[in-house]
Amino acid sequence: MTNPSTPVRPEEPKLRAEGVSKGLWHHARALRDALGFPPRLLGANGVVWVLALIAAPLAAQNQDLGQRPPPEGAVVETEEEGLSGSVSFEGNLEDLGIAIPAFATDRDAATPANTGGTGALGVELARVITGDLRNNGLFKPTGPDSLPRPAYAEIAAPNYPTWGNRGADMLVQGYVRAQGDGRLAVGCYLYDTKLNTQLARQGWLVGASEWRRAAHKCADLVYSRLSGESPFFDSRIAYIAETGPKNARIKRLAIMDSDGANHRFITSGRATALTPRYSPDYKRLSYLSYVDGNPRIYVYDIGTGRQTLVTQSRNPTFAPRWSPDGRYLLYSMAVAGNTDIYRVPASGGQSTRLTNGPGIDIGGSYSPDGSRIVFESDRSGAQQCYVMDADGGNQRRISFGGGRCATPEWSPRGDQIAFTRIAGDFNVAVMSPSGQNVRALTNGWQDEAPTWAPNGRIIQFFRSSRGARGDAQLWQVDLTGRNERRLNTPVGASDPAWGPILP
Amino acid sequence: MTKNALALLAATATLALGACAKKAPEQLPPAPVETGTAPTETPTDSVSGPGTQEHFATAVGAPNTTVYFDTDMYDIDAEDAAKLQTQARYFAQYSNVNFTVEGHADERGTREYNLALGERRANAAKNYLVSLGIPAERIRTVSYGKERPVALGSDEGSWAQNRRAATVVID
């Protein structure tokens, strides 16, 4: 995995697309290395977008648009299209016919991303996009395996009647091209086949090993444009992989993309690992490990493999949580059996105690602006949820409904708090930040530890089965509670922690 | 002395403490060295020596190595107190043996809370042993939350067995 770092800054376009002024992301090397663009695209639209800028006929005037190339592996983004046209479809999104044919390629070039070259990769890209859109429950897309494959020249100028006749309301087309530097240029277009208009388009330059990110970005573009919601597919999940019998279970830290791809075990399983959390920049993972025999929170640097204790103390530490800006970590520490919540700078240093009482105060989740923390405490006699200011002040209970309130997680949108509602069984529920409007979203025997999608519309959690088997699996549900599905993981799974949109 | 004799001795010691065990914990402890007969060290070929779990469990009786708790509770009741007094006599006798109290919870709590709850239970047992005169430095605590059940069912009987603080002597 490469580490996308500093994003390239947008620059004012030197060329105007028809009636559209938008920022462009690009750099000199891309321009130099770029291959020709289908003439028809240029003929039809004049200048299309960033990759049209690199068409040979325009090369001369593009040279002064150069910027420093981004670090290897970085994703270069175009800014999202500023079109504000309406969508013709007005029914339920799930009834929307979305056709996602194979992405075209200008020429079938070798790429490390696929042994079949960019042609085969174009099919895979469309499959990944189809899987993303199908699995979130909102859409029923048709993927490339049952669709004709558009030619490269059709990508920016679709054959609308063909798709309209097939019953498609929406059409997602795209292309993939091998760049001279080994990277891939991927373009993504969304069309309304009833209005015969383009709704959105975007393009990315990705390292070959990160080709799936371009597909997720495309799925995000389509999802956002059609649903009006923020994107979430281009993100990762940390979780605990579980194998072995219930009384001797092996628990390993693992990570994967939001669709389960690029799965990787981080720990060997010799020491029990629990409750991971990605840092907001994805460079570090905090989690609990029994590696020295005691439960303690460590911060694992993914780039270097180095691991450090969250605090130099012999006391057990639990429940790591990052602040939204990544500058602080919350952890919970038991001193003489009593657990309270502390905050420590992520770079190390002095800890600040935020709660101070005889009850178990544990966990904690920041509001998106970092000003408040929702946490769990049994100071009233049973687990309930409380909110405090980020400095520990103004602590007040917010959960007063039936049952207990555990593992609260503040939505990235700020409008909801998800929690484990314990009322006999465990359910995943949401409530407003003031504790109002409690809604149970799931109905399992033991559904625990919600984590939010980056856009605050979907919640993942783990579901344990009853009895001696007692295995755990990752599930997700949307805020309607209707679209629930199990995630595929190689082995049993618990403690999902969904990171933000990848930088 | 045989294994059976050791077990008998431990059982007798427990019985002798029956009266004390009914009292509230804060009215305890009796000094362990003043009460009953402590097991004596008599190594044989068939029993591991002091400092092993086998020796400890044989001396105090296996049921006395573990105390149990009600749901979400961590108080030491009379039955727990009697068991811990038996343990305390052993550790007073073998004053060079350090040990660990492992705190556990049943599966009916969330993972993180149960880690804190297990720590609380281990410390409750430890504090009681300290009140009986066992130096705190000799007692390590560790919580496994709900991660290490001994009973695998999802029923009240299994959960009751899993809400526990187990004293272990690590070789």
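Residues are numbered from 1 along each chain as its sequence is written, and chains are lettered from A, with ligands numbered from 1, in the order in which they are written. Because the model is predicted, local features need pLDDT of at least 70 and side-chain atom pairs count only at pLDDT 80 or more, whereas totals for chains, interfaces and linings use all residues.

## The two chains

Helices (H or I, at least four residues) and strands (E, at least two) are DSSP runs, numbered from the N terminus. A residue is called buried if 20 or more other C-beta atoms lie within 10 Å of its own, exposed if 12 or fewer do, and partly exposed in between, with C-beta atoms placed from the backbone. Two residues are in contact if their C-beta atoms, placed from the backbone, lie within 7 Å. The table sets out the chains in these terms.

| Chain | Elements | Buried residues | Contacts |
|---|---|---|---|
| Chain B | six helices and four strands | 47% of 171 residues | 75% of contacts between residues at least 6 apart join residues at least 24 apart |

Along its sequence, chain B shows the pattern α-α-α-β-α-β-α-β-α-β.

## Domains of chain A

The domain bounds come from an automatic or database domain assignment. In chain A this assignment gives domain 1 (28–227) and domain 2 (235–501). Seven residues of domain 1 and nine residues of domain 2 of chain A take part in the contact. On the side of domain 1 that touches domain 2, α4 (117–135) and α6 (211–227) of chain A each supply at least two residues. The largest share of that side, three residues, belongs to α4(A). By type, the residues on this side of domain 1 comprise no nonpolar, five polar and two charged. For this count, Ala, Val, Leu, Ile, Met, Phe, Trp, Tyr, Cys and Pro are nonpolar, Asp, Glu, Lys and Arg are charged, and the others, Gly among them, are polar.

Helix α6(A) has 17 residues, and from its first C-alpha to its last it reaches 24 Å, close to the 24 Å expected at 1.5 Å a residue. The expected span is 1.5 Å times one less than the number of residues. Of the 17 residues of α6(A), 15 are buried, and the helix is mostly covered. Just after α6(A), G228(A) adopts a positive phi of about 80 degrees.

A nonpolar core is a set of buried Ala, Val, Leu, Ile, Met, Phe, Trp, Tyr and Cys residues joined through C-beta atoms within 7 Å. The largest core has 123 residues, of which L125(A) and I129(A) touch the most other members. Its largest share, nine residues, comes from α6(A). Domain 1 (28–227) and domain 2 (235–501) of chain A both contribute residues to this core, so it lies between them. Not counting residues up to four places away in sequence, L125(A) touches F103(A), G174(A), V176(A), V186(A), A214(A) and A215(A).

## Strands of chain A

Two strands pair if DSSP finds at least two bridges between them. Four strands of chain A form an open sheet in the order β9-β8-β7-β30, with antiparallel pairing. Its edge strands are β9 (264–265) and β30 (492–501), each of which pairs on one side only. Strand β8 (residues 250–257) pairs with β9(A) in the antiparallel sense over two bridges, and A254(A) has F265(A) in β9(A) as its bridge partner.

Strand β10 (residues 273–278) of chain A is largely enclosed by the rest of the structure, because six of its six residues are buried. This strand, β10(A), pairs with β11 (residues 284–289) of chain A in the antiparallel sense over four bridges. The bridge partner of L274(A) in β11(A) is L288(A). Five residues lie between the strands of this hairpin, in which Y282(A) takes a positive phi near 65 degrees.

## Contact between the chains

Chain B has 21 residues in contact with 32 residues of chain A. On the side of chain B that touches chain A, the elements giving two or more residues are α5 (111–131) and β3 (139–145) of chain B. Helix α5(B) gives the most to that side, with ten residues. The residues of this side of chain B divide into nine nonpolar, five polar and seven charged.
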